[in-house]
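Thanks for making the time. I have one chain to go through, and I will start with a term before turning to the residues.

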Amino acid sequence: MVERCDPNQQTCKNGFIDLNLSSHLESFPVNMLSDLSKLLGNSLALNKATSSISSNFAKTTRNRRLLADGFPEWVSSADRKLLQSSSPSADIVVAQDGSGNYKTISEAVAASNGGTSRFVIYIKAGVYNENVVIKRSMKNLMFIGDGIGATIVTGNKNAQAGSTTFRSATVGVSGDGFIARDMTFVNTAGPQKHQAVALRSSSDHSVFYSCSFEGYQDTLYVYALRQFFRNCNIYGTVDFIFGNAAVVFQSCNIYVRKPMSNQQNTVTAQARTDPNQNTGIVIHNSIVTASSDMKPVQGSFKTYLGRPWQKYSRTVFMKCTLDSLINPAGWAPWSGNFLSTLYYGEYMNTGAGASTGGRVKWPGYHVITSPTAEILLGNFLGGDAWIPSCGVPYTAGL
């Protein structure tokens, strides 16, 4: 409940700030929700305390083996087949040339059944210039494209043009169980337009496999709940992986683009608002490097692994390759005294930017020397129970 309620409250507040209306917040009823948020936070704390004994017992007894085909247990066998198949069957086909059931993705989404069973929409190669909204009632949808760079959905909504960050998303997903494979999601607004989201997800148990997310500031909004990204490309400049989901990125390529002349790059901006929330960003076995436009000028811009969007921001990079563009300090501050309440960790990273000798000396920053609860992926996502059935390769351990 908290994962859905608290981000929505925070998003409402952020919308006022995006539209330069922050002076109106004092009189807006959203402040009436603050007491509710505190009550929910207290409930989380109580739940965390009472569940610690049983959860510790479960960790010692849980069978952590992957399935024989290398996928975790939470992805159904049917979804595995869909993700592995070179020619999966589809319920609806989208094609701009008229060879499918519909010419736009939005029409296909509107025609989906939104039921409990998997509903597959095959989107043929093409550039689809539209903003797609998948409502909370539209559960278990799956998008299958013809590959990164072939099936592209693109938009250009942005903060400078009057959109809130939340509403700027080219594709916004709220329905649980969403899966996307072999697609590119783009926001073409450019760095000068500031907040401009390519994809926003608050879909619980959502999976993105072999997809690309391209933008500048705020490219990928991992808004809430449990999400898994595998073999994906993410491009951006400022806070381009951000939000308050419990999200894991595995075997992904993270490309830092050239920002505006007065900007610095920050890969992540995690938004945990309560220390008892089970949210955070974990980036595992991935590469952080400069994009082609950034490489010639990377020495002219500072690039950091992240900065704390909210007080209890939690982010871990583990067993990643960090290229030379990463600033020796590693992490950048935000406004506010978040440096002791956040949790930032690095574990066994390699590459020219991975040295921790010059890293920040914040109380909340940790050089992790042995596996801890913060980086046990199966525990963090509960991934052993749902990822394998999606058919996506997944590693629960290190």
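A residue counts as exposed when its relative accessible area is over 50%, and as buried when that figure is under 20%, with partly exposed in between. Val 133 sits in strand E4, residues 132–134. Which residues does Val 133 contact, leaving aside neighbours within four places in sequence? They are Val 109, Met 138 and Gly 172. As for Ile 105, 28 residues from Val 133 along the chain, the two C-alpha atoms are separated by 9.7 Å.

Now the chain as a whole. There are 5 helices and 26 strands. The chain has 398 residues, and 55% of them count as buried. If we take contacts between residues at least 6 apart in sequence, 69% join residues at least 24 apart.

The largest nonpolar core has 59 residues. Among those with the most contacts inside this core are Ile 121, Phe 143, Phe 185 and Ile 234. Not counting residues up to four places away in sequence, Ile 234 touches a list of residues including Phe 213, Leu 220, Phe 240 and Phe 249. Phe 213 and Phe 249 are also on the list of residues with the most contacts inside the core. There is a second, separate core of 20 residues, which includes Leu 82, Ile 179, Val 392 and Tyr 394.

On to charged pairs. Side chains of opposite charge can pair when their charged atoms come close.

One joins the side chains of Arg 226 and Asp 204, at 2.7 Å from N to O. This pair links distant parts of the chain, 22 residues apart: Arg 226 is in strand E14, residues 226–230, and Asp 204 is in the loop between strands E10 and E11. Are these two residues buried or exposed? Arg 226 has a relative accessible area of 30%, so it is partly exposed. Asp 204 is at 13% and so counts as buried.

Another salt bridge is between Asp 239 and Arg 307, with an N to O distance of 2.7 Å. Here the partners are 68 residues apart, with Asp 239 in strand E16 and Arg 307 in the loop between strands E22 and E23. Asp 239 counts as buried because its relative accessibility is 5%.

The last one I will mention pairs Glu 346 with Arg 359, at 2.7 Å, N to O. Glu 346 lies in strand E25, residues 343–347, while Arg 359 is in the loop between E25 and strand E26, 13 residues away. Both Glu 346 and Arg 359 are buried.

Finally, confidence. The average pLDDT over the chain is 84, and 76% of the residues score at least 70. Where does pLDDT stay under 50? That is the case over residues 42–70, for which the model has 29 contacts beyond four places in sequence. Where pLDDT is low, the predicted coordinates should not be read in detail. That is everything I have.

Key. Residues are numbered from 1 along each chain as its sequence is written. This is a predicted model: local features need pLDDT of at least 70, side-chain atom pairs count only at pLDDT 80 or more; totals for chains, interfaces and linings use all residues. Side-chain values use heavy atoms; hydrogens and water are left out. Helices (H or I, at least four residues) and strands (E, at least two) are DSSP runs, numbered from the N terminus. Contact means heavy atoms within 4.5 Å. A salt bridge is a side-chain nitrogen of Lys or Arg within 4 Å of a carboxyl oxygen of Asp or Glu. Buried means under 20% relative accessible area, exposed over 50%, partly exposed in between (1.4 Å probe, protein chains only). A nonpolar core is a set of buried Ala, Val, Leu, Ile, Met, Phe, Trp, Tyr and Cys residues joined through side-chain atoms within 4.5 Å. pLDDT is the predictor's confidence in each residue, from 0 to 100.
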